Amino acid sequence: MADPMHQFEIQQVLELPAVAGFDLSITNSALWMIIAAASVTLFFAAASAKAAVVPGRLQSVGEMLYELIHNLTDSIIGHEGKKYFPFVFTLFAFILAMNLLGMVPYFFTSTSQLAVTATLGLLVIAVVIAVGFARNGLGFFKLFVPSGVPFFVLPLVVVIEVISFLVRPVTLALRLFGNMVGGHVVLKVFGGFVVSLGALGALGIVGALVTLTGTVAITALEFMVAFLQAFVFAVLACVYLNDVVNLHSH
Amino acid sequence: MAQTTPELEPGGAIVETPPTTLSHDLHESTEAAEHGSSGLPQFEFGYWPGQIFWLLIVFAILYVILSKLFLPRVGGAIEARAAKIEGDLADARIARDEAERQSSEAAAELAQARARAQKTAADAKAAAKAEADTRNAAEEAKLHERLAAAEAGIQAGREKAMSNVRNLAAETAEAIVEKLSGQAPTRAEVDAAIARNAA
């Protein structure tokens, strides 16, 4: 059976000279990020080309995605969500494109790389911290001091709040990483079962058919996961941004 | 693809480029992992800086493209549609109000015209009735007059006839008395006798 982890191996595509001791060569992971971003760009170039009052199919899909994230920033962050909409939308579209491209056989899934999901998670938290300080100054630290807590448990609560804040990028990174890796490994293993069972004769073929049905079902599930994880990432980015944008009403 | 084996920091970990054979069993891969930094290809940290670097670059470019170019365009189309629908609705509302106004105006005009027509008809009827009444009255008066004249004529005729009868009776009585008594009575006596009998 093919090694289910082989699909995640990084390979150099274009070797570049190291910068300050770091290897910044374009790998298959980076290549598929670029392809994902190019796909998003091409899709929205096509979807917004006409900007017709009565939208075509492509424009409808583009507007659906737009409104999906727009409603998200609007409902979670509120009126000021407008400012953060492009950031959240870029996150969503980029992750969605990488996840969906990964569903195509022989394509690489950049979001199955912890380096990618961890960077995205840290990027969200970095933006949250930057927005927090820009809007509230040192009042940002009030994020860790909930109001209405009795003073004798306050130190404990502050410690918990700080830890929960620090855990956020980790959970963001691991959730997306785990979902993508898990799904692809399961698909690979089931696909491998189909082949090896099919080689075992009559009974094996029956088993292979059952496994094949399972693989098809899991493929459908993985498409849903690909969308859902991008959406969840966007929702959590909104929730974390809301914490610092509307700090006063905390 | 490049098959070079890049020297990578930190700790001098060497990332093994995958073998050219596509399938190697689990045992081989765990062995390979022991040589690398960890079991999963994702934990080959030598490839992390490149991925992080390109991710940030690509994300930044995509952010600029989306936020400056495509998102305003998509949002603009949505807003334009909302504005158009709003405008069309407002236009329709104005048109409806105008139509309602005109229809009520027309109804009022119709009612006015009907009232005028009814008044004209009533006037004409009244005038015709008055004329007919006066004509009837005149005819009636004329008829009365003729009737009265006729009655008077008849009365005169009857009186004349009656007086003729009386004269005839007187002459007859005179003649009868003369024949019987041989003496002719005076006319005054005869008249007195007739008047006595007639009474």
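# A friendly note on a two-chain predicted model

1. Starting with chain A, 38% of its 250 residues count as buried (a residue is buried if 20 or more other C-beta atoms lie within 10 Å of its own, exposed if 12 or fewer, and partly exposed in between, with C-beta atoms placed from the backbone). This is a predicted model, in which local features need pLDDT of at least 70 and side-chain atom pairs count only at pLDDT 80 or more, while totals for chains, interfaces and linings use all residues. Residues are numbered from 1 along each chain as its sequence is written, and chains are lettered from A and ligands numbered from 1 in the order in which they are written.

2. Next, the layout of chain A. There are six helices and two strands in chain A, and from the N terminus on they run β-β-α-α-α-α-α-α. Helices (H or I, at least four residues) and strands (E, at least two) are DSSP runs, numbered from the N terminus. The C-alpha trace of chain A spans about 70 × 55 × 45 Å along its principal axes. Of the contacts in chain A between residues at least 6 apart in sequence, 65% join residues at least 24 apart; two residues are in contact if their C-beta atoms, placed from the backbone, lie within 7 Å.

3. Chain B has three helices and zero strands, in the pattern α-α-α along the sequence. Of its 199 residues, 11% count as buried. In chain B, residues 24 or more positions apart account for 27% of the contacts with a separation of 6 or more.

4. How many residues of chain B are in contact with chain A? The number is 47, and they meet 44 residues of chain A. On the chain B side, α1 (26-35) and α2 each give two or more residues, and α2(B) has the largest share, 28 residues. By class, this side of chain B divides into 29 nonpolar, 12 polar and six charged residues. Here Ala, Val, Leu, Ile, Met, Phe, Trp, Tyr, Cys and Pro count as nonpolar, Asp, Glu, Lys and Arg as charged, and the others, Gly among them, as polar.

5. Now for the interior. In soluble globular proteins, nonpolar side chains tend to be buried together. The largest nonpolar core in this model has 67 residues (a nonpolar core is a set of buried Ala, Val, Leu, Ile, Met, Phe, Trp, Tyr and Cys residues joined through C-beta atoms within 7 Å). The members touching the most other members are A:Val88, A:Leu91, A:Phe92, A:Phe94, A:Ile95 and A:Ala234. At least two residues of this core come from each of α1, α2, α3, α4, α5 and α6 of chain A and from α2 of chain B. The most, 13 residues, come from α3(A). Not counting residues up to four places away in sequence, A:Phe94 touches A:Ala36, A:Ala37 and A:Val40, along with B:Phe59 and B:Leu62.

6. Among the buried residues of α2(A) are A:Tyr66, A:Ile69 and A:Leu72. What covers the buried residues of α2(A) includes α1 (28-47), α3 (81-102) and α6 (202-245) of chain A, together with α2 (48-181) of chain B. After α2(A) comes A:Gly78, with a positive phi near 95°.

7. How do α5(A) and α6(A) pack? Helix α5 (residues 154-198) of chain A meets α6(A) at an angle of about 170°, with the axes 8 Å apart. Axes are lines fitted to C-alpha atoms, for helices over the stretch in contact, and angles run from 0 to 180 degrees between N-to-C directions. The two helices are therefore roughly antiparallel to each other (angles under 35 degrees count as roughly parallel, over 145 as roughly antiparallel, 65 to 115 as roughly perpendicular and the rest as oblique). Their contact has 17 nonpolar, 11 polar and three charged residues.

8. Finally, two single residues. A:Asn136, in helix α4 (residues 114-136) of chain A, is partly exposed, with 16 other C-beta atoms within 10 Å. Leaving aside neighbours within four places in sequence, A:Asn136 is in contact with A:Val244 and A:Leu247. A:Tyr106 lies in the loop between α3 and α4 of chain A and has a positive phi of about 75° although it is not a glycine. A:Tyr106 counts as exposed because it has 5 C-beta neighbours inside 10 Å.
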